[in-house]
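I opened this notebook to record what I looked up in the structure, entry by entry.

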Amino acid sequence: MAAEERPISTRSRWVRWALVLGAGGLILLFPVPAGITPASWRLLAIFVSTMVGLVAQPLPGGAMVLLGVLAIALNDGVRALLTGTTVPVRAFAGYSDPVVWLVLCAFFISRGMIKTGLGRRIALYFVKLIGGTSLGLGYALAAADGVLASIIPSNGARSGGIIFPIAKSLAETFDSRPGESARRLGSFLMVQLYNTDVIICAIFFTGQASNAIIAGFAREASGLQLTYPTWLLGAIVPGICSFLIIPYLFYRLYPPEIKRTPGATELAQRELSAQGPISRPEKMMLLVFAMVMVLWMTTRFHRFDVAIPALAGVCILLLTNVLDWNDIITEKSGWDVFIWYGGLVQMAKLLGETGITKAFANWTASGIAGWEWWAALGGLALVYYFAHYAFASITAHSTAMYIPFLTVSIAAGAPPWVAVLILAYYSNLSAGLTHYGTTPGPIYFGAGYVPQTTWWKLGLIASLVNIPIWALVGVAWWKVLGLW
């Protein structure tokens, strides 16, 4: 979220506030439907205003959610005043959700990966092993991103702090810079790494921070629990297909002029030699990495909540001085996610309790009555996917659209697990459409190697490959798993 912030003029800020307040005000102008309480209708207005705020961003996303939390608390206060009863404070309950703490702790662990240099060492090892060609180099950096995504929920941290600096350095090693020499190597790497990053985001529960909130939305709307191993198991087969196909597709459609890159493996070897033998902090980081991963993947046996291994990992890093307390309190991205995720989780839960979402789903489903479930879900999923052109973050997209589209899909007869998974994975994959779809977009595009029209064209082509892979291979795989 933080990477999406940018300075805005006073006039633009007022226009954005007008959109935010106007959206909520428009809801309040309509009469309260039968069966819906006035307090529930006001809650819908708060939710809509918050969603518009996440898109328009008169303030950063976390600040907009915090204002929404305050508005919910005041709404409960008004209800208590009007009814003369004691109403429990519900606005802050989302911050007690264990998954909120899981994501926060994962950000702390990711800080350790970058601080110790372990993340960079992993990326350099991949380059050393398979970076002898430009295509192999692309796969090597993407594979390193995948390994790190298994525990680092910030795709911005992975890209900006580890993968992008190495990719840019390698491009410049081969005299590929923005401008006339961009196509030598840098153009291919930048657009390919971004489009494989969104695939990686879809494969792992910790692929990017919004996946946790999507899992919360799925639980509220369908009652199904998307855990770390469930998310990974559902994504692994279509994810591997996309991961193998997309880099090669870009290599054919947008080929680098340099095909062989033996200098890349030599550079990686030099960098590894300069980094020296694996240090004690790196060894401890690797131990914590392995411990947390094993415990996350085996929750069905030990029954610990997923937040407990993550918190234990952070405490071990603190006790062994791999992290210090200053690392914890200055992890701005993690605390930012904590604020907006906890608030949005509770908003979605409270809105689900009002009956408004169910009423909307029934009304929408009546318009596609008689359709086969696969046709209804397919049409809704396509609309959901390409709607990302209007969003500058996965968070805003999924928060605004995931619950209603999931509810309508299930109401139309789609198997719940199929609807939950296809919309969850499309939330991530759709970010590849533009250069602003998720945080790494501005990082890779901002390097200046690829024109915007080319970036968008390649993103659209990738979508035409990813959509059928996940809709056909994915759904068939979920059938094998017995999910429908």
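**Entry on Asp327.** I looked up Asp327 and found that this residue is buried, with a relative accessible area of 9% (buried means under 20% relative accessible area, exposed over 50%, and partly exposed in between, with a 1.4 Å probe and protein chains only). I noted that the model is a predicted one, in which local features need pLDDT of at least 70 and side-chain atom pairs count only at pLDDT 80 or more, while totals for chains, interfaces and linings use all residues. Residues are numbered from 1 along each chain as its sequence is written, and side-chain values use heavy atoms, with hydrogens and water left out.

Asp327 sits in helix 15, residues 325-329 (helices are DSSP runs of H or I with at least four residues, strands are runs of E with at least two, and both are numbered from the N terminus). When I set aside its neighbours within four places in sequence, I found Asp327 in contact with Arg111, Lys115 and Val322, where contact means heavy atoms within 4.5 Å. I also looked up Ala447, which is 120 residues from Asp327 in sequence and 28 Å away in space, C-alpha to C-alpha.

**Entry on positive phi values.** Most residues other than glycine have a negative phi. Against that background I noted Asn321, which has a positive phi of about 65° although it is not a glycine. Asn321 lies in the loop between helix 14 (307-319) and helix 15, and at 65% relative accessibility it counts as exposed. Asp175 is also not a glycine, and its phi is positive, near 55°. I found Asp175 in the loop between helix 7 (155-173) and helix 8, where it is partly exposed, with a relative accessible area of 48%.

**Entry on helix 9.** Helix 9, residues 210-222, has 13 residues and reaches 18 Å from its first C-alpha to its last, close to the 18 Å expected at 1.5 Å a residue (the expected span is 1.5 Å times one less than the number of residues). Its buried residues include Ile213, Ile214 and Phe217, and the helices that the buried residues of helix 9 pack against include helix 4 (98-116), helix 10 (228-253) and helix 16 (332-354). After helix 9 comes Gly223, with a positive phi near 80°.

**Entry on helix 6.** I checked helix 6, residues 134-149, and found its end C-alpha atoms 23 Å apart, which agrees with the 22 Å that its 16 residues should span at 1.5 Å a residue. Helix 6 is mostly covered, since 15 of its 16 residues are buried.

**Entry on helix 2 and helix 19.** How do helix 2 and helix 19 pack, and at what angle? Helix 2 (residues 38-56) and helix 19 (residues 394-411) pack at about 155°, with their axes 9 Å apart; axes are lines fitted to C-alpha atoms, for helices over the stretch in contact, and angles run from 0 to 180 degrees between N-to-C directions. The two helices are therefore roughly antiparallel to each other (angles under 35 degrees count as roughly parallel, over 145 as roughly antiparallel, 65 to 115 as roughly perpendicular and the rest as oblique). Where they meet, Phe47, Met51, Leu54 and Val55 in helix 2 touch Ala396, Thr399 and Ala400 in helix 19.
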